[in-house]
Amino acid sequence: AVLLEEGETLEDLMALSPEEILLRWFNYHLKQAGSPRRVNNFRGDIKDSECYTILLNQIAPEDSCVDMSPMNESDMEKRADKMLREANKIGCRKFVRPKDVVKGNQRLNLAFVANLFNTYPALKAPEEGLPDFDLGDFGE
């Protein structure tokens with residue numbers, strides 16, 4: 001299981017909170033992309049949209065035309081908007097607006113990442129037993 005850390009069992013992984021599993025998944029993809037960045041929360045660590053841009057580029061199907069262009073924007077809210085346009089290319093622009101990203105709205109950013117995870121887990125090996133995250137509380 002690719003999300004397991006050294007010495008961990010699947011039971012250990014399943015004992016983590018949904019937020020911890022999503023953070024682990026997010027950081028797995030940042031590492032796979034060769035990024036030195038890591039996300040420890042869905043507040044301040046995602047405000048600049050750079051990690052989101054890397055994640056989207058990593059998980060998107062090759063034919064989706066998702067790219068790293070938001071990284072060229074210096075204004076954080078405009079960069080967040082461009083990042084969400086990239087998410088829209090894979091049908092995942094849900095739950096957050098640019099200002100929610102820039103302000104670090106934890107609940108909405110968690111829902112955004114859960115939706116990405118549920119739609120494009122992009123894991124090399126099947127993760128038996130990993131749950132879909134119920135997004136019913138967030139609405140559409």
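Cysteine 65 counts as exposed, because its relative accessibility is 57% (exposed is over 50% relative accessible area, buried under 20% and partly exposed in between, with a 1.4 Å probe and protein chains only). Cysteine 92, by contrast, counts as buried, with 0% relative accessibility. As for disulfides, taken as pairs of cysteine sulfur atoms within 2.5 Å, the count comes to zero.

The model is predicted, so local features need pLDDT of at least 70 and side-chain atom pairs pLDDT 80 or more, while totals for chains, interfaces and linings use all residues. Residues are numbered from 1 along each chain as its sequence is written, and side-chain values use heavy atoms, with hydrogens and water left out.

On the whole-protein level, there are six helices and zero strands (DSSP runs numbered from the N terminus: H or I of at least four residues for helices, E of at least two for strands). Of the 140 residues, 44% count as buried. Contact here means heavy atoms within 4.5 Å; among contacts between residues at least 6 apart in sequence, 53% join residues at least 24 apart.

Helix α3 (residues 50-59) is largely enclosed by the rest of the structure, because seven of its 10 residues are buried. Those buried residues are Cys51, Tyr52, Thr53, Ile54, Leu55, Leu56 and Ile59. Their cover includes α2, α4, α5 (98-103) and α6.

One of these neighbours is α4 (residues 76-89): the axes of α3 and α4 come within 10 Å and cross at roughly 15°. (Axes are lines fitted to C-alpha atoms, for helices over the stretch in contact, and angles run from 0 to 180 degrees between N-to-C directions.) That angle makes α3 roughly parallel to α4, a label for angles under 35 degrees, with over 145 roughly antiparallel, 65 to 115 roughly perpendicular and the rest oblique. The crossing is left-handed, meaning that the near helix is turned anticlockwise from the far one by less than a right angle; clockwise would be right-handed. On the α3 side, Glu50, Tyr52, Thr53 and Leu56 meet Arg79, Met83, Glu86 and Ala87 of α4.

Helices α2 (residues 18-32) and α6 (residues 106-119) also pair up, with axes that come within 10 Å and cross at roughly 60°. This crossing, too, is left-handed. Here Glu19, Leu22, Trp25 and Phe26 of α2 meet Gln106, Leu110, Val113, Ala114, Leu116 and Phe117 of α6.
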